Amino acid sequence: MMHIHYRKAVQRDFETIAGMFAANMDLSVFTSVRDTNALEYLATIFIAGDFMRSTFTEIAEHDGKICGVILGSTKLTREKAVEFEYKGIVKQAKAALQTTAAGQQVLIELKQQHKSFGQMPQHDCDSELLFFCVDNNYRRHQIGTSLVNSFEHYLSDMNAKGYSLHTDNKCSYQYYEKNGYQRIDTCTNSYDPQVEHYTYIKTLV
C-alpha cells in the first residue's frame with residue numbers, strides 16, 4: 001500500500017504547486033495563448049493569488065514528492081495559512097510576460113477576466129475551495145478524498161456554513177456531482193464553446 005504523508009504547505013512549496021497547476025490543468029480555458037512559457041507565468045499568477053487568499057492548506061507527499069494539494073479560504077478568519085510575498089512574485093511574472101507578444105496577450109485576457117469576476121453567481125457560502133489537484137500519476141489512492149475531508153473538517157471547526165468552488169468540464173467535475181455538491185451556475189468559455197465552466201456549492205451540516 002502506498003504511504004502518503006500529509007502536512008501544511010509552506011512558502012517553499014509554491015513553485016512546485018504552480019508547476020502542478022501548469023502540468024495537470026488545461027490552461028487553454030483561461031487564454032487563447034498556447035505558448036508554454038507564457039502559460040507557466042499565467043499559472044504562477046493564478047497560484048500566487050490562491051496562496052495569498054488561503055486560510056487553509058494541505059499537501060500530500062509520497063517519498064518526499066508533492067503529489068496532491070488543496071488550498072481553501074474562509075471569511076471567518078483573517079489568519080493566512082502561509083506567509084507569502086504575493087506582490088513581488090506577481091510583479092515578476094507580469095514583467096516576464098511583457099517581454100513577448102504571447103505574454104502581452106495573456107495580460108490583456110487576464111484583465112478581461114478580472115472584469116467578469118463581478119458576474120459570479122450569488123450564494124451564501126462563507127468559504128471557498130480555491131485550488132485542488134492530485135497528480136495524474138497518483139490518482140485512485142484516496143488522496144483527493146483525504147484532502148477534501150481535511151478541508152471540510154477545518155471548516156466545520158470554524159463553524160462554516162458551506163463552501164463554493166469553480167471548475168470546468170475539462171476537469172474531473174464528476175467528482176463533485178457524486179459527492180453532495182450542488183451546481184448553481186454554468187457558463188460557456190470565451191475561447192472554446194465546447195468548454196463549460198461550473199460553480200458548485202456544498203453545505204456543511
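The side chains of R7 and D13 form a salt bridge, with N and O 2.8 Å apart. This is a predicted model. Seven salt bridges are counted in it. This briefing looks at some of those pairs, then at helix α5.

**The R7 and D13 pair**

- Are R7 and D13 buried or exposed? R7 is buried, and D13 is buried too.
- The pair has a partner: R7, D13 and E61 are linked in a network of salt bridges.

**The K170 and D26 pair**

- K170 and D26 also meet through their side chains, in a salt bridge of 2.9 Å from N to O.
- Where do these two residues lie? K170 sits in the loop between β5 (162-168) and α6 (174-178). D26 sits in the loop between α1 (14-24) and α2 (36-53).
- The pair therefore ties together parts that are 144 residues apart in sequence.

**The R183 and E177 pair**

- R183 and E177 form a salt bridge in which the closest N and O atoms are 2.5 Å apart.
- R183 is partly exposed, at a relative accessible area of 33%.
- E177 is partly exposed, at 39%.

**Helix α5: length and end**

- Helix α5 covers residues 143-157, which makes 15 residues.
- From first C-alpha to last, α5 reaches 21 Å. That is close to the 21 Å expected at 1.5 Å a residue.
- What follows α5? N159 does, and its phi is positive, near 60°.

- Which residues of α5 are buried? They are I143, G144, L147, V148, F151, E152, Y154 and L155.
- Seen down the axis of α5, these buried residues fall within an arc of 165°, so they line one face of the helix.
- An α-helix has 3.6 residues a turn, so residues three or four places apart point the same way.
- On the other side of α5, H153 and D157 are exposed.

Definitions and conventions: Residues numbered from 1 in each chain as written. Predicted model: local features only at pLDDT ≥ 70, side-chain atom pairs only at ≥ 80, totals over all residues. Heavy atoms only, no water. Helix = DSSP H or I, 4+ residues; strand = E, 2+ residues; numbered from the N terminus. Expected span 1.5 Å × (residues − 1). Buried < 20%, exposed > 50% of the residue type's maximum accessible area, 1.4 Å probe, protein only. Arc of directions from axis to C-beta. Salt bridge = Lys/Arg side-chain N within 4 Å of Asp/Glu carboxyl O.
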